[in-house]
Amino acid sequence: MFFRSIKGLLPALLGVGFFLLMGAACLVALLRYSELHAWLGYLQQPYLWRVVRFSLWQALLSSGISLLIAIPVASCLMHRRFYGRGALLQLFSVSMVVPTIVAILGLVVVYGRSGWLSQFLGIQVPLYGLTGILLAHVFFNMPLAVRLLLQGYDLIPAGQWRQATQLGFTRWTAFRWIEWHYMKKVLPGAFVLIFMLCFSSFAVVLSLGGGPKFSTLEVAIYQALRFDFDLNKASFLALLQVMICSLFALLVYRIAPVNRQDVSLLALTRYPLKDSYWARFADGVALLCVFVLVIPPFVAIFGPIFSPLFFETLQSLALWQAVLVSLQIALPAALVSVLLGICFAVLARFCMGRPYLAFLPNKIEHLGNLILMVPGLVIATGLFLALRDVGWGLPSSYWIVVWVNAVMALPFVLRALMPVMYQQERRFRNVYLSLGIQSWSRWRLEWPLVRVNVAQALGYALLLSLGDMGVIALFGSQGLVSLPLYLFQLIGSYRLAEGSCVAVVLILLCLMLFYGSSRFVGGKVGGVNVKN
Amino acid sequence: MLKINLQYDWERFHANYCVNIKPGMTTLLGGSGEGKSTLLHLLGGYLEGRGELYFHEASLLSLPAYERPISTLFQSDNLFPQLTVWQNVAIGVSPSLSLNREQKEKVSWALEKTQLVDKVKRFPQALSGGQAQRVAIARALVRKKPILLLDEPFSALDPALREEMLYLVNEVTDELGLTTLLISHLPQEACLVGGRVILIEQGEVIAHEPVSVLSQPEPHALFSNYLGVGVSSRSTI
């Protein structure tokens with residue numbers, strides 16, 4: 001019986017095995033080119049410690065501020081129904097995967113020296129430096145934090161809201177006795193995720209850092225690879241980054257409570273709480289933060305659509321070549337990422353139902369998330385070296401970019417897929433077992449229930465790959481110019497107006513693909529409501 | 001006196017409840033899906049209905065759930081798993097859990113009444129089903145609301161424990177002069193708690209009689225369909 005199940009698991013095992021093999025090949029290749037005796041010398045460089053200190057500081061500040069704003073915003077979105085709430089949630093899901101370079105452009109238009117804030121209110125924001133980095137990180141991560149916290153709200157049994165209504169809880173008492181209890185379970189994970197994203201932030205620091213004073217480890221790795229081609233230093237910096245991230249994650253997970261759904265037999269219904277002027281005021285302030293921090297850069301991005309230059313830019317051949325390259329990278333990368341995610345999910349839930357393997361699902365999920373600790377640039381370099389060793393040199397660049405984009409999107413894919421896959425396993429495991437339904441037959445039955453999440457995963461992977469400005473920056477000069485790189489080159493040559501138009505094309509492409517993914521993979525009405 | 005004249009529509013289900021209920025125990029009987037829980041949810045303020053709902057001549061219909069003079073015990077999810085037994089009871093007196101001496105005494109009284117004094121520091125997960133429902137009853141006691149709605153809260157308990165709980169509810173109802181509405185599928189439970197019975201069919205109150213109708217040798221005309229043949233002998237067990 002066990003071996004028959006293993007046979008059905010073969011594709012998933014192969015997928016995860018390939019992922020591990022590529023990781024190992026990358027690590028071995030990097031270590032082969034390392035000179036360990038030189039590492040001690042790096043440790044004594046004051047520049048290194050300044051970079052480490054700043055990387056930690058900006059990541060801590062960015063994740064702290066993002067979560068501080070996200071908590072009241074999530075609570076407000078949970079309890080209030082207002083016009084535009086749905087649109088705001090959609091915007092949040094898009095903003096975390098908006099191409100970094102496009103968002104940076106939006107931030108420059110709003111907060112830059114001659115930006116909207118300066119023009120209309122006379123307020124000068126020192127955008128280049130820590131402020132700019134924080135603004136960009138909050139722009140990206142606060143919406144992500146809100147979405148993660150809202151997932152935490154889903155853990156609250158509906159029966160608790162019903163009791164809260166009966167007992168006359170105010171928003172504050174509900175937050176204190178119900179919401180905070182569940183937030184505590186979600187916050188450490190959210191904090192680690194955002195911390196790691198900010199710690200390994202590349203394009204934001206490169207564009208808004210304003211100089212070596214505000215450099216991070218990721219940028220230092222890029223400089224070591226791109227300008228010095230110092231593999232030894234790059235390996236050292238990469239390992240240092242992985243170590244810091246691992247230590248941080250271990251520390252936070254050690255103190256974090258277990259995330260567990262309390263049992264409730266009641267279907268989710270809205271139960272209103274006692275409202276007050278204070279609650280309305282607090283919600284107003286929370287929403288104002290969103291409108292100030294997230295909305296204006298979005299509006300700014302779409303500004304050039306009405307200019308004549310936009311139509312001129314549309315006629316540029318280089319633009320459409322870049323669009324083609326972006327699609328050639330994003331489509332296979334997203335597909336690989338989702339397939340990998342499904343392999344991880346299938347393996348994790350196989351372990352769920354077996355007492356002797358019950359400790360594994362979390363570990364498997366963490367394995368997929370580990371990629372957040374490893375800089376994409378380093379994976380790309382390791383792979384390039386490994387493939388060069390086996391005789392595939394420059395022609396492998398394209399596939400390296402595709403693979404690295406696929407694995408970098410994996411944590412997001414897992415986040416979208418895993419909850420629903422676990423839920424299906426818990427609810428129907430015994431039915432499937434008793435009827436002997438396995439592998440493809442099971443997939444066919446489950447598809448209507450999971451397709452919305454698969455579409456979401458595919459959408460995220462598509463957007464992340466389309467907006468990638470990390471790996472492509474490394475391999476860009478090999479005739480592989482994607483839209484973000486093209487945009488970066490335009491900004492670098494001070495063709496800002498043209499760059500803005502390209503940014504609009506990039507964002508429209510993102511929206512089209514995200515919509516296409518939701519519509520064609522997710523289904524007409526978003527598939528079957530899994531909550532029912 | 002609880003005066004009910006409520007209408008509620010949901011898809012093809014149209015309910016029209018019209019009945020006056022006196023203080024004491026009243027058991028709501030009826031088949032599955034006939035609208036017993038809907039009535040309790042309308043009374044509790046968890047569903048929005050049309051019509052009139054008066055208690056001692058005061059209209060309750062426009063009041064939110066927390067302002068109605070009603071405590072409801074549901075089939076599940078009555079307790080907060082993150083709070084201790086003491087906190088779960090005390091939160092019924094003050095949602096902020098900052099209690100004065102008098103309120104603390106009230107909580108102690110309710111815990112004594114429900115024999116939970118030695119369990120105050122436990123969390124709901126560490127309680128048996130019967131103990132957990134006693135905590136919910138203790139909370140209903142401290143809230144001192146004159147109407148108590150019981151939406152099959154004891155259905156998951158074994159028969160002996162269920163009986164014990166029903167005695168407790170009966171005792172509390174008598175002692176505090178409550179208007180208690182109990183949903184049940186079992187006529188013998190109605191016989192156990194006494195008072196009156198209401199029969200609900202397709203969202204309407206078909207009968208409202210003393211509980212003695214269930215133990216008559218010949219089934220009451222309005223109840224015969226629900227009770228079926230030979231049930232009168234079962235209900236006297």
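Predicted model: local features only at pLDDT ≥ 70, side-chain atom pairs only at ≥ 80, totals over all residues.
How many residues of domain 1 of chain B are in contact with domain 2 of chain B?

Residues are numbered from 1 along each chain as its sequence is written, and chains are lettered from A and ligands numbered from 1 in the order in which they are written.

Chain B is assigned domain 1 (2-69 + 147-235) and domain 2 (79-144); such bounds come from an automatic or database domain assignment. Over C-alpha atoms, the centres of these two domains of chain B are 26 Å apart. Now the opening question: ten residues of domain 1 of chain B are in contact with seven residues of domain 2 of chain B, contact being C-beta atoms, placed from the backbone, within 7 Å. On the domain 1 side, helix α5 (residues 159-176) of chain B gives the largest share, five residues. Helices here are DSSP runs of H or I, at least four residues, and strands are runs of E, at least two, numbered from the N terminus. That side of domain 1 of chain B divides into ten nonpolar, no polar and no charged residues. Nonpolar covers Ala, Val, Leu, Ile, Met, Phe, Trp, Tyr, Cys and Pro; charged covers Asp, Glu, Lys and Arg; the others, Gly among them, are polar.

Next, helix α1 (residues 36-44) of chain B. Nine of its nine residues are buried, so the helix is largely enclosed by the rest of the structure. Buried means 20 or more other C-beta atoms, placed from the backbone, within 10 Å of the residue's own. Among them are B:Lys36 and B:His41. Just after α1(B), B:Gly45 has a positive phi of about 95°.

Definitions and conventions: Buried ≥ 20, exposed ≤ 12 C-beta atoms within 10 Å, placed from the backbone. Contact = placed C-beta atoms within 7 Å.
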